[in-house]
Amino acid sequence: MTNIQINNTAEPSAARAHFSAKLDCETDCSDVYADIKQGTQHFVLVDTRSVHAFAKSHAITAINIPNNEITAARMADFAPDTLFVVYCWGPGCNGATKAGYKLAQLGLKVKEMIGGIHYWEDFERYPVNRRLGDPQQ
C-alpha cells in the first residue's frame, strides 16, 4: 500500500462534502483581492493582529479588530448579516481561526483568508497600507 492510500480514500460524495464545507469557511488572498479590484467587496476584511502589527502593514481595505476586542458589544457596530473575512499573520498563526470561531459563536458570518498577510504581501505582492520607518517591537 502506498503512503497516500494508508487510510481509505474518500468516496466522491464524501470528498465533495468535505471540500464544500472547507470552501464555506475559507477564502484566499487572490479571491479577496479580485473582489476588491472589481468593486464587488461585499464583506468586511478584518486583520486580527495587534494594533502595532496592523499599523506596520495591512491589506488594503482591512480594518483592525484584534482578537481580544471581538465581543458582542464591539460587533454590534455591524449589520447582523455582515460577512467578515478574517486574517492574521499567516500559516504559522491561528489568530484568524480564533477570530472566526468567536465571530461564529456570536452568530455572525465569517470566512478565514488563508495565508494571511504573509501570503498577501510577501508572495502575492498585493497592495498594503504601510507605516514605513517604524521597526516592529
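What share of the contacts in the chain with a separation of 6 or more comes from residues 24 or more positions apart? The figure is 68%, where a contact means heavy atoms within 4.5 Å.

Some ground rules first. This is a predicted model, in which local features need pLDDT of at least 70, side-chain atom pairs count only at pLDDT 80 or more, and totals for chains, interfaces and linings use all residues. Residues are numbered from 1 along each chain as its sequence is written, and side-chain values use heavy atoms, with hydrogens and water left out.

Now the layout. The chain holds 6 helices and 7 strands, taken as DSSP runs numbered from the N terminus (helices H or I, at least four residues; strands E, at least two). Starting at the N terminus, the order is α-β-α-β-α-β-β-α-β-α-β-α-β. Along the principal axes, the C-alpha atoms fill a box of roughly 55 × 35 × 30 Å. Of the 137 residues, 36% are buried, meaning under 20% relative accessible area with a 1.4 Å probe and protein chains only.

Strand E6 pairs with E1 and with E5; pairing takes at least two DSSP bridges between two strands.

Terms used:
Buried < 20%, exposed > 50% of the residue type's maximum accessible area, 1.4 Å probe, protein only.
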